[in-house]
Structure formats: structure tokens, C-alpha cells
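Please keep the sequence and the structure at hand while reading.

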Amino acid sequence: MRRHRMDPILKLKFISLLSKNVGTYRYSGWKYKNIWTIAPEKGAPSVSTGATLARPQQHYGYIKDLHSSVITSHHCFLDMLLLVISLLVAAVSAGPGYTRVFTDLDGNGNYLDFTDYEPDLLADGFDNAIDSVLQTGMWMYYENTDYNVQAGSVYWVHGIDIGVNFPNDYIDITSSLRYAGSPYVLNDDTWTVYEGTSFAGSEYYGSYDSDSLGNLAGKVSSLILTGVSPWTIYSGENFSGDSLCVYPDTDHDTGADGSVLDFGIFPNMASLGINDNSIYSVKKGCWTKKVINATKLHVDGRLNNGAWGHLDL
Ligand SMILES: [Ca+2]
Ligand SMILES: [Ca+2]
Ligand SMILES: [Ca+2]
């Protein structure tokens with residue numbers, strides 16, 4: 001299928017319009033800069049790799065890929081029509097969380113809003129530029145493109161309308177970003193497994209039972225749970241073999257409006273006390289008496305409404 005990039009001006013409008021869908025921001029202590037600056041696109045975007053890294057189990061509207069795969073003409077009218085269609089689709093497919101990423105500390109400098117995955121920030125003119133973020137949900141900021149397919153460090157932040165400055169060693173390195181959890185409902189009961197440790201590489205996502213893990217069967221090296229339900233993980237497909245119950249109880253965030261987020265964040269299988277690459281199926285609920293007493297993640301900081309930290313190679 002032919003792929004075309006969106007016209008930069010249209011893209012600016014697209015992102016600008018999207019940002020109005022994001023929800024209610026609270027800018028406590030953060031300077032709001034009503035300036036949009038997007039550097040010209042440099043280099044070739046990695047839309048082809050995004051397809052293999054996109055969530056395989058759900059009907060997931062990958063906004064940019066959707067757009068680039070739909071456009072078959074450079075005619076302005078058609079672009080505008082497709083922009084409108086994309087915005088309608090975006091309204092239902094964009095994630096309930098968001099992140100606003102800034103080129104400087106304390107929410108200063110230029111910024112961009114994301115409600116969806118970005119495998120290559122070069123496409124946005126934001127490669128190796130992020131110093132601080134303002135966000136809701138659990139977002140991972142990867143040193144390398146395609147979510148650290150090539151191993152690198154990760155800065156992670158979760159919370160509700162939380163603003164975080166990255167430490168010195170983690171500013172100006174982020175090359176891709178994505179969130180964990182439901183693309184539809186904040187704090188929905190979900191699980192996401194990752195091929196690499198520290199949430200790297202391909203992922204497999206679900207909010208229901210899964211009797212196999214597709215291309216990640218026997219490859220799972222990290223896990224993130226959201227919501228309040230425990231899950232039972234199995235060493236065999238079809239809920240067979242050894243079973244262990246794991247709760248999303250490593251982190252709990254409470255927003256200023258009383259909304260809550262719950263997480264189980266496990267950057268490697270050792271934090272669950274099981275062997276690497278040993279999960280083959282997942283079932284909702286606690287179907288065994290063997291409950292995992294998980295190791296909590298080290299954080300750089302924690303507030304009522306969130307926490308943040310880093311994972312290194
Ligand atoms: Ca910067
Ligand atoms: Ca980088
Ligand atoms: Ca693995």
C-alpha cells in the first residue's frame with residue numbers, strides 16, 4: 001500500500017485540533033505557552049515498523065498510520081476531507097490519557113501533545129528534545145526509536161495531570177513514546193506484555209482472557225497492569241501449566257478531582273519472581289491461591305497524583 005505523509009501545515013492543524021479533544025488540563029505551577037512550533041520534518045518516518053509494533057489484539061486506531069494509509073492523493077480537497085474523517089476517527093480511537101511533551105524544563109519551550117503511540121519522534125521534529133512532560137496515564141519515554149527495539153534507557157511517568165522534569169541524564173534523549181492501558185477508558189482492567197525488559201519492543205495487549213499471547217508467546221519479559229482486577233498468568237497456553245495471580249497493586253494515583261489510577265508495573269520477570277519468557281496465557285481474576293508478592297519499582301519521585309522514574313540498560 002502506498003503511504004504518504006500528511007502535509008506539514010495540515011498536520012499542524014490536525015495536532016492542534018486533536019489537542020482540543022484531550023480533556024481538561026490543570027496547569028498548576030506550569031507555564032502555559034500558547035505557541036505551536038513544529039520543526040520541518042527530517043528524514044524518513046518509520047511508518048512501516050509501526051505496523052508490526054502496533055497492538056495486535058485490538059482494533060486499535062493508530063491515528064498517524066491510519067491517515068498515512070488512507071491518503072491516496074495529494075489533492076488538497078481530498079486531504080481536507082480525509083482530515084475531517086481522521087478527526088472523527090480520532091475522537092473515538094485516541095487514548096483517554098495524554099502527554100504534553102516540552103523541549104525545556106518546567107513546561108517551558110515548544111511542546112507537542114500526544115494521545116497515541118509515536119514510534120519515531122523525528123517525524124515530529126521532537127527527536128532527542130524532551131525535557132519535561134505534563135500527562136495523564138502511564139507513559140514510557142524511550143531512548144531509541146520503535147520503543148527501544150535497540151536496547152536503551154526508559155523514563156516512565158504515571159499519574160493524573162502530573163508535571164515532571166526529567167533528570168539531567170534523561171533529557172534530550174527520548175526518540176519514541178507510548179502509553180500502557182486501555183485506549184478507551186482510563187483505569188480499565190487491562191494487561192500489556194512486552195517482548196523486552198523495561199517495556200521494550202513488541203507488545204501484546206488485552207482487557208479479557210487470552211488463551212495464547214500470539215507472537216509474544218514465551219517471549220514476555222515485562223508486564224504492566226492497569227485497573228483494579230487481578231490476573232492469573234500461566235506457564236502454558238489455554239490456561240495450563242503453573243499459575244500465579246498478580247494484582248495491579250504496585251502504584252495508586254489520586255487526582256485532584258478524586259479520580260484514581262491503579263497499576264501493576266513489572267519491568268522484568270524477576271520482579272514477579274518467575275522465569276523470563278515463561279508466560280503463555282492470561283486470565284482475568286485470581287484463579288489460584290499462589291499470589292505474587294511483587295517487588296515495587298524504584299521511583300525518582302512520588303506525589304499523590306503520580307510517580308516517575310527511570311529504567312536503565
Ligand atoms: Ca530539550
Ligand atoms: Ca534518542
Ligand atoms: Ca523476552
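Q: Leaving aside its neighbours within four places in sequence, with which residues is Asn238 in contact?
A: The model is a predicted one, and Asn238 is found in the loop between strand 9 (231–236) and strand 10 (240–246). Lys283, 45 residues away in sequence, has its C-alpha atom 9.3 Å from that of Asn238. Once the neighbours within four places in sequence are set aside, the contacts of Asn238 are with Asp211 and Ser281.

Q: What is the phi of Asn238, and what is that of Ser198?
A: Most residues other than glycine have a negative phi. Asn238, a residue other than glycine, has a positive phi near 55°. Ser198, in the loop between strand 6 and strand 7, is not a glycine either, and its phi is also positive, at about 55°.

Q: Which residues are in contact with Trp191, leaving aside its neighbours within four places in sequence?
A: Trp191 lies in strand 6 (residues 190–194), and it counts as buried because it has 27 C-beta neighbours inside 10 Å. Gly206 is 15 residues from Trp191 along the chain, yet their C-alpha atoms are separated by 5.5 Å. Beyond the neighbours within four places in sequence, the contacts of Trp191 are Gly206, Leu223, Leu225, Trp231 and Val282.

Q: Which are the edge strands of the open sheet of five strands?
A: The strands of this open sheet follow the order 7-6-8-12-11, and their pairing is antiparallel. Each edge strand pairs on one side only, and the two are strand 7 (203–206) and strand 11 (251–254). From one strand to the next, the twist averages 15°; to return to the names asked for, the edge strands are strand 7 and strand 11.

Q: What is the bridge partner of Asp251 in strand 12?
A: Strand 11 and strand 12 (residues 260–266) pair in the antiparallel sense, with four bridges between them. In strand 12, the residue bridged to Asp251 is Phe263.

Q: How many of the residues of strand 4 are buried?
A: Strand 4 (residues 154–165) pairs with strand 3 (residues 132–142) in the antiparallel sense over 10 bridges, and Ser132 stands opposite Asn165 of strand 4. Strand 4 is also joined by six bridges to strand 15 (residues 306–311), again in an antiparallel arrangement, where the bridge partner of Val154 is Leu311. Strand 4 is mostly covered, and of its 12 residues the number buried is 11.

Q: What share of the contacts with a separation of 6 or more joins residues 24 or more positions apart?
A: The protein has five helices and 15 strands, and 43% of its 313 residues count as buried. Among contacts in the protein with a separation of 6 or more, the share from residues 24 or more positions apart is 72%.

Definitions and conventions:
Residues are numbered from 1 along each chain as its sequence is written. Chains are lettered from A and ligands numbered from 1 in the order in which they are written. This is a predicted model: local features need pLDDT of at least 70, side-chain atom pairs count only at pLDDT 80 or more; totals for chains, interfaces and linings use all residues. A residue is buried if 20 or more other C-beta atoms lie within 10 Å of its own, exposed if 12 or fewer, and partly exposed in between; C-beta atoms are placed from the backbone. Two residues are in contact if their C-beta atoms, placed from the backbone, lie within 7 Å. Two strands pair if DSSP finds at least two bridges between them. Axes are lines fitted to C-alpha atoms, for helices over the stretch in contact, and angles run from 0 to 180 degrees between N-to-C directions.
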